[in-house]
Amino acid sequence: MAVRPPTRPFVRVRGRHAAMSRRQRWERSYVRALVVCDLFAGVAAGAATFGVRFGDVVTQYNRWYLLLSALLPVVLLVVLAVSRAYERRFLFVGTDEYQRVFRGGVGLIAGAAVLSYALDLDLARSYVLAAIPTAIATAGLLRFGLRKRLHHARSRGERLRRVIVVGHELSVIGITRQLRRERYHGLEVVGCCLPPQHDGVVDLPVYGTFDDVATAVDAADADTVVVLSCPELDGVVLRRLAWRLERDEVDLVVASALIDVAGARTTIRPFDGLPMLHVEHPRLHGGIRLVKELVDRLGALFLLGLFSPVLLGVALCVRATSRGPVLFRQVRVGRDGREFRIFKFRSMYVDAEARLAELRHLNEHDGVLFKMRDDPRVTPIGRWLRRFSVDELPQLLNVLTGQMSLVGPRPPLPSEVAAYADDVRRRLAVKPGMTGLWQVSGRSDLSWEEAVRLDLRYVENWSLSLDLVILLRTMTAVVRSSGAY
């Protein structure tokens, strides 16, 4: 039995509503900050659109648009509330929040069009199509910034849920390692409850067995219980546990045995009183993929034009600082195992491939990849290019030609694919990407197992909103430059 810590971070009064707890207080503060951000987005979008469209002179014609600009923040707030963009279960992590903001924006545009047609209003379409998308985009960016601030606080050990994990030793060890590695989820494991016959070697305080969960919550000052899949904890036991935790409003989370399957692909369907979890297949084909293709190619074309001065400057630097071609071409494996040549700015000396064999024993990676922090084959300018991922910008040409995507799994070498296990080959079901979950989560600092898990998670749960989140997170990952070598 673990000893109760002498200094407790907070005291949750028994039987009092969870809103009095520390977690509920900061969550309510977070939601209030979201409301302020959305109001600011509406005000900024309305003012900017009116200023661009009509200038700073109010006339009899444009005063109605001034009124619409003033009402936009309130209408935006109502629409987002109806879209459930303020419900806490959709906030903090994941893409559900951004999807609901986007759906609210689409609904607002459609509602404005229907209302204008029904009431025969002389409403300028250019105003509607400028003000509302600007407000939605601004709200999304502000929400992203607020979430990054929250994740940064969680990396410092703040605003975390205190979790008791219930399950067998190996499962407890696995979920604890994952939650400690991905602290942005906000779950801090403070103890566990194990079956009666256990050895207790889990590197956690053990607060008894499955029958002691309720008392463990009090002993550890926890506010969340995570129950892992095990035969002893069937439906009847979970129902009784939920009743016991309900008194103090302690959250009960049941971890599914499904690996990296997002909620959008799961639906609970009752069958004769039994809840059946139906799992949809991932969307690897169809119309939504055509939309992704269009977004990729238009995005690559736009970025090539935007970064053309940078591309030219880097090309001149590479040419001037070392002998060899500016671009490095290498065979990689794409979707369905098709090979293609990837383009990158050359960051190594021309004899790098020939010197690989003599450095193989210095590999710092635990998988099929070769990674070395102080690789002597990298040129001085190449170290700078790799640190900020500038060497990967020519891959926009691969995206433009349809060989790669802006977001996707890491493009592997043929030798790496030859060493893949059967489940790892699932990465080849989609196009490789310039960035992905592997890059925004640590890049070369990740273990091979973790990198594979992130790529498989992307393949199984792909969506346009997830792509957008990854692209936004890529900017912060590039600035941090952690794991880039």
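Which residue forms a salt bridge with R338? In this predicted model, local features need pLDDT of at least 70 and side-chain atom pairs count only at pLDDT 80 or more, while totals for chains, interfaces and linings use all residues. Residues are numbered from 1 along each chain as its sequence is written, and side-chain values use heavy atoms, with hydrogens and water left out.

The partner of R338 is D336, and the closest N and O atoms of the pair are 3.8 Å apart. A salt bridge is here a side-chain nitrogen of Lys or Arg within 4 Å of a carboxyl oxygen of Asp or Glu. Side chains of opposite charge can pair when their charged atoms come close. Accessibility was computed with a 1.4 Å probe on protein chains only; a residue is buried under 20% relative accessible area, exposed over 50%, and partly exposed in between. R338 is exposed at 52% relative accessibility, and D336 is exposed at 53%. Salt bridges with shared partners also join E27, R88, R161 and D251 into one network. By the rule stated above, the count of salt bridges comes to 20.

Another of these pairs consists of R89 and E87, with 3.1 Å between the closest N and O atoms. R89 is exposed, its relative accessible area being 61%, whereas E87 is partly exposed at 28%. D467 and K292 also form a salt bridge, with an N to O distance of 2.6 Å. D467 belongs to helix α16 (residues 464-480) and K292 to helix α8 (residues 287-306), so this pair ties together parts that lie 175 residues apart in sequence. Both ends are buried: D467 has a relative accessibility of 8%, and K292 one of 7%. Helices (H or I, at least four residues) and strands (E, at least two) are DSSP runs, numbered from the N terminus.

The strands include an open sheet of 4, in the order β2-β1-β3-β4, with parallel pairing. From one strand to the next, the twist averages 30°. Two strands pair if DSSP finds at least two bridges between them. Strand β1 (residues 161-166) runs parallel to β2 and is joined to it by 6 bridges. In this pairing R161 stands opposite L187, and R162 stands opposite E188. Helix α6 (residues 213-220) packs on the sheet and touches β1, β2 and β3 (224-227), its direction making about 150° with that of β1. Helix α7 (residues 235-246) also packs on the sheet, in contact with β3 and β4, and its direction makes about 155° with that of β4. Such angles run from 0 to 180 degrees between N-to-C directions, the axes being lines fitted to C-alpha atoms, for helices over the stretch in contact. Contact means heavy atoms within 4.5 Å.

V166 stands opposite V227 in β3. Of the 6 residues of β1, 5 are buried, so the strand is largely enclosed by the rest of the structure.

Residue L76 is found in helix α2 (residues 63-82) and is buried, with 0% relative accessibility. Leaving aside neighbours within four places in sequence, L76 is in contact with D38, G42, A135 and I136. The C-alpha atoms of L76 and L108 are separated by 7.9 Å, although the two residues are 32 residues apart along the chain.
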